[in-house]
Amino acid sequence: MKNGKSKLVLVAGGAGFLGSHLCDALLSEGAHVIALDNFQTGRKQNLRHLEREPRFDLVDSDIIKPLPSHLRSRRMKFDEIFNLACAASPPHYQADPEHTMLTSVVGTHNLLTLAEAIGARFFLASTSEIYGDPEVHPQKESYWGNVNPTGPRACYDEGKRAAETLTFDFARAERADVRVARIFNTYGPRMRADDGRVISNVICQALAGDDITIYGDGSQTRSFCYVSDLVEGFMRLMAYKGAFPGAVNLGNPVELTVGDLAQKVLALTGSPSQIVTRPLPVDDPRRRRPDIALAKQLLGWSPKTSLDVGLRETIAWFADERSDGSKAACA
Ligand code: NAD
Ligand code: UDP
């Protein structure tokens with residue numbers, strides 16, 4: 001709130017999986033929200049329920065390009081700018097690696113420059129991928145990471161590292177008030193069936209009775225956070241009143257192997273699907289678990305949703321999409 005007026009918020013990447021849930025959370029707190037998206041991986045249907053919402057607007061634009069002039073106008077004085085724009089799934093971000101890198105570097109610079117010009121607080125959705133294939137476990141914010149700078153994941157990992165660099169540089173020079181979240185694997189309703197990430201793949205395969213694809217031997221680990229918990233972390237981090245705290249890990253520290261995840265989904269769906277193995281992608285991190293001590297201390301935040309509860313919600317959502325052919329999220 002500013003002068004008793006509700007705040008105005010720009011959500012770049014607002015039609016995506018996380019961005020659409022963030023728009024919902026901001027609107028439920030009374031904000032006016034403008035979502036900006038190029039629909040590379042985002043979908044209008046994620047925001048269809050907001051079509052008649054007077055405090056919401058959707059703009060079709062790419063953050064690599066100059067922002068539409070009405071968004072740069074002084075009258076459009078955003079209080080907050082969230083940058084979630086960037087394809088997050090390996091097959092999608094690797095489909096056009098140059099665009100992925102430019103989205104993180106040029107796009108983040110465009111939004112930081114806008115934040116500087118109008119005095120908005122800026123939020124960067126960074127990622128646990130900046131830790132690469134970690135040699136330190138679990139990963140604390142102080143760990144610098146182990147990233148292959150020239151491999152097929154580099155467009156995303158190095159792009160996000162550069163986006164963090166730019167954001168920290170703007171903060172050091174006091175050009176913008178910034179927040180940086182390092183997000184660990186997050187799942188929930190509104191993921192795309194063709195997203196390619198493990199939770200959506202395994203659930204859709206189980207519901208269809210298709211083979212469940214495990215890459216490698218399934219012993220690699222991840223730690224999965226339910227979307228509502230993550231968005232609560234976003235809101236708390238953006239609202240944090242102290243000086244710039246540096247990057248903050250947001251994720252669920254409960255770690256499990258990809259093989260165990262597949263077994264859990266099979267049990268929860270009662271699916272007859274068989275597990276099949278596929279080659280492990282190049283540079284696939286072997287393990288990943290957030291140390292969330294900083295988020296607990298600064299924000300009083302920790303995830304509340306167990307994997308069983310989150311998976312049941314997500315399975316129910318994909319099952320509903322399958323039964324409604326018009327939505328067809330789960331092909
Ligand atoms: P997503 O692919 O569903 O959402 C990304 C959105 O950004 C999409 O709507 C896409 O169309 C849009 N977009 C991409 N490039 C753009 C550009 N140049 N200009 C405008 N819009 C663009 O992915 P998500 O899971 O919702 O991820 C959102 C953000 O969170 C991303 O920045 C991602 O790197 C980060 N993140 C997500 C996870 C996760 O587990 N979901 C983990 C770590 C980081
Ligand atoms: N994975 C898998 N089967 C799939 C999709 C992914 O075994 O159908 C593996 C993938 O190789 C990785 C883990 O699951 O080890 C998580 O992959 P995801 O793409 O969801 O996230 P990220 O690798 O970016 O953490």
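Helix H1 gives the largest share of the shell around ligand 1, namely 3 residues. Keep in mind that this is a predicted model.

Staying with ligand 1, at least two shell residues each come from helix H1 (17-28), helix H4 (97-118) and strand S5 (121-127). There are 28 residues around ligand 1, and the nearest are Gly-13, Gly-16, Leu-18, Thr-41 and Gly-42. By class, the shell around ligand 1 has 14 nonpolar, 12 polar and 2 charged residues.

Now the other ligand. Ligand 2 is surrounded by 14 residues, with Arg-197, Val-198, Asn-201, Thr-213 and Tyr-215 closest. Two or more residues of this shell come from each of helix H6 (198-208) and strand S8 (212-215). Which element supplies the largest share of the shell around ligand 2? That is S8, with 3 residues. The shell around ligand 2 divides into 6 nonpolar, 5 polar and 3 charged residues.

Last, strand S4, residues 80-83. Glu-80 and Phe-82 point to one side of S4, while Ile-81 and Asn-83 point the other way. Are these residues buried or exposed? All of them are buried.

S4 pairs with two strands that I will take in turn. Strand S1, residues 8-12, runs parallel to S4 and is joined to S4 by 4 bridges. Within that pairing, Val-11 has Phe-82 of S4 as its bridge partner. S5 also runs parallel to S4, again with 4 bridges, and here Glu-80 stands opposite Arg-121 of S5. S5 is one of the elements already mentioned for the shell around ligand 1.

Key: Residues numbered from 1 in each chain as written. Chains lettered and ligands numbered in written order. Predicted model: local features only at pLDDT ≥ 70, side-chain atom pairs only at ≥ 80, totals over all residues. Near = placed C-beta within 6 Å. Nonpolar A, V, L, I, M, F, W, Y, C, P; charged D, E, K, R; others polar. Buried ≥ 20, exposed ≤ 12 C-beta atoms within 10 Å, placed from the backbone. Pairing = 2+ DSSP bridges.
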